[in-house]
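User: I would like to go through this model and ask what lies behind each label. Please set the values against the definitions.

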Amino acid sequence: MTPKVIIFDFDGTIADTVDALVSIANRLAVDFGYRHISPEQLSFLKNLTSREIIKYSGVSLFKIPFLVKKVKGELKNKIPELKPIPGIKEALIELQNEGYKLGIITSNSKENVTQFLRINDLNHLFDFIYSGITIFGKTTIINNVLRQNQLQPQEVIYVGDETRDIEASKKANIQVIAVTWGFNSPEVLAKQNPDYLIQRPSELLEVMNGRH
């Protein structure tokens, strides 16, 4: 059975949010007690897994849900300035035209995602958007999406830019396409052994068509 549903991560995969998120994180650094992120620091962080980043930051696990909520709130004001990843809109249109059902699973807020999609004329391309607040809870959300949409794991493929996307997909027994245009570096993504590793949105259709 080949996948007919493609689930996308949002930040860094569809929306170019890395710079905005770094500037928000730096503003909140003092309040939450972690290091300010310099350009050099960002290069270093991109080569760490999601779990290593949290450990390195020194942020208490108890504070993370509050930090995520605060970041989402601040990002809301920046949504009108954010742009889609170059080439992603064309790739999404092609995938929809090929008959794939598209969805989003994100730790961002549904309100932020919906507003971004509407501003950039992408809202008509997605069948569903699921938002969850936990950093490492994507497996649970993926499983909920499968259950609610009556999908088998082999019918779904996940597209994300972070090591935690690969980790969650594997735990949910679905295939994963890791993309190098978001947060994590190609090297650290490759170490997590995704099913596919791509560098440009145009490769999404190649991967999907190559699977038939």
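Analyst: Just after α7, Q150 takes a positive phi of about 50°. Helices are DSSP runs of H or I with at least four residues, strands are E runs of at least two, and both are numbered from the N terminus. This is a predicted model, in which local features need pLDDT of at least 70, side-chain atom pairs count only at pLDDT 80 or more, and totals for chains, interfaces and linings use all residues. Residues are numbered from 1 along each chain as its sequence is written, and side-chain values use heavy atoms, with hydrogens and water left out.

User: What makes the phi of Q150 worth a remark?

Analyst: Most residues other than glycine have a negative phi. Q150 is not a glycine, yet its phi is positive. It is found in the loop between α7 and β4.

User: Is Q150 buried or exposed, and how do you know?

Analyst: Buried means under 20% relative accessible area, exposed over 50%, and partly exposed in between (1.4 Å probe, protein chains only). Q150 has 72%, so it is exposed.

User: Which class does D121 fall into, and why?

Analyst: Its relative accessible area is 42%, and therefore D121 is partly exposed. D121 also has a positive phi, about 55°, without being a glycine. Its place is the loop between α6 (110-119) and β3.

User: Why is N120 put in its accessibility class?

Analyst: N120 has 15% relative accessibility, so it counts as buried. It is found in the loop between α6 and β3. Contact means heavy atoms within 4.5 Å, and with residues up to four places away in sequence left out, N120 touches L82, P84 and K89.

User: Is S109 buried or exposed, and what is the value?

Analyst: The relative accessibility of S109 is 17%, so S109 counts as buried. S109 lies in the loop between β2 and α6. Its contacts, leaving aside neighbours within four places in sequence, are K72 and S131.

User: How do you know on which side of α7 the buried residues lie?

Analyst: The buried residues of α7 (residues 138-148) are K138, T139, I141, I142, V145 and L146. They cover an arc of only 165° around the axis, so they are on the same side of α7. The arc is that of the directions from the helix axis to the C-beta atoms. The face turned away from the buried side of α7 carries the exposed residues R147 and Q148.

User: What do the buried residues of α7 pack against?

Analyst: Their partners are β1 (5-8), β2 (101-106), β3 (128-131), β4 (156-160) and α8 (163-171).

User: Why do the buried residues of α5 count as lining one face?

Analyst: The buried residues of α5 are I88, A91, L92 and L95. Seen down the axis of α5, they fall within an arc of 100°, so they line one face of the helix. They pack against β1, β2 and α10 (203-210). Just after α5, G99 takes a positive phi of about 100°.

User: What makes I88 buried?

Analyst: I88 has a relative accessible area of 0%, so it is buried. Leaving aside its neighbours within four places in sequence, I88 is in contact with T13, I14, W181, P201 and L204.

User: What makes a set of residues a nonpolar core, and which members of the largest one touch the most others?

Analyst: A nonpolar core is a set of buried Ala, Val, Leu, Ile, Met, Phe, Trp, Tyr and Cys residues joined through side-chain atoms within 4.5 Å. In the largest, with 54 residues, I6, F8, L95, F116, F126, I177 and L204 touch the most other members. Helix α1 (residues 18-32) gives the most to this core, with 8 residues. A second, separate core has 18 residues, including I105, I141, I166 and L189. As for L204, it touches F8, I88, A91, L95, V159, I177 and I198, not counting residues up to four places away in sequence.

User: How do you know whether the radius of gyration agrees with a compact globule?

Analyst: The radius is taken over C-alpha atoms, and the globule rule is 2.2 Å times the number of residues to the power 0.38. For 212 residues a compact globule would have a radius near 17 Å; the protein has 16 Å, so the two agree. Of these 212 residues, 54% count as buried. The protein contains 10 helices and 6 strands.
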